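Please study the sequence and the model before reading the solutions.

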Amino acid sequence: MIDIKINDELSLNKENFMVIAGPCSVEDREQIVGVAKSLKKIGVNVLRGGAYKPRTCPDSFQGLGEEGLKLLVKAREETGMAIITEVMDTETLPLVEEYADIIQIGSRNSQNFSLLKAVSKYDKPIVLKRGFGNTIGELISATKYLSMNGNNKIILVERGIRTFETTTRFTLDVSAVPVLHEKTEYPVIIDPSHPAGVNRYVEPLAMAGTAAGSDGLMIEVHPEPENALSDSAQQLTIPQFQDLYKKVKMIAQINNKNVI
Ligand code: PEP
Ligand code: MN
């Protein structure tokens, strides 16, 4: 597995298990800085938060845009955490690249080849989420667009695929972890929040993904999930996340991984 340097303190490689946590969307200063401080205290070093949100309906909250990016930077300044945020289009890519430590490409853009080519021109770590209608082969092909200019700092995310099942939001394909490990050199992390769709399923999915050998997790955590402006039902409270974190840490150790 390749070694991906995130910042001066953090590297993701075969020895490490990287936990990324934070709200679905950046909403205001108090929310993002507050949640960042709580997460850092628990041991998390990478903060997530969407500033540009891919919403199914145009009348849903679309994110704070550049203001959201600036608030993430405030949270980084106050905690020392690395920040990851989603880029939605080529138009806002230079801005997202300027602020973020890791560029996230969402499920809906996983095969947006012009966006992938544009991102390939930068040298930042990239998180590529699996399109929910994509095979593992298609995900691997998408990585070739990202690495076409020599940047191989790519982290893959299994975040659930669309199946006939409707009791969960998506179906987490745990097999993607060993299959991707066999077929690529890139770290593979699990997002248990988006397949779960409701917070009570997040912990079992996180534990299953970790046990399957994932190299990390990306989990949505909100100080007040009931008031969240996006993905309210699936976000964990800080105490719920703290509980999950303890369990996951034990499982990661079985796989000889050091939680970062
Ligand atoms: C997200 O991480 O907030 C997100 C929109 O996820 P996905 O692209 O996997 O739906
Ligand atoms: Mn979300």
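**Exercise 1: the surroundings of D101**

The side chains of D101 and R76 are joined by a polar contact of 3.0 Å (a pair of N or O atoms within 3.5 Å; within protein, one must be able to donate a hydrogen and the other to accept it, and residues adjacent in sequence count only if both atoms are side-chain atoms). This is a predicted model, in which local features need pLDDT of at least 70 and side-chain atom pairs count only at pLDDT 80 or more, while totals for chains, interfaces and linings use all residues. Residues are numbered from 1 along each chain as its sequence is written, ligands are numbered from 1 in the order in which they are written, and side-chain values use heavy atoms, with hydrogens and water left out.

Task: determine why D101 counts as buried.

Solution. Step 1: buried means under 20% relative accessible area (1.4 Å probe, protein chains only). Step 2: D101 counts as buried because its relative accessibility is 16%. Step 3: a polar atom of the D101 side chain also lies 2.7 Å from the backbone nitrogen of I83.

**Exercise 2: R159 and ligand 1**

Task: state how far a polar side-chain atom of R159 lies from an oxygen atom of ligand 1.

Solution. Step 1: the distance is 2.6 Å. Step 2: for K53, a polar side-chain atom lies 2.9 Å from an oxygen atom of ligand 1. Step 3: an N or O atom in the R48 side chain is 2.7 Å from an oxygen atom of ligand 1.

Note on methods:
Buried means under 20% relative accessible area, exposed over 50%, partly exposed in between (1.4 Å probe, protein chains only).
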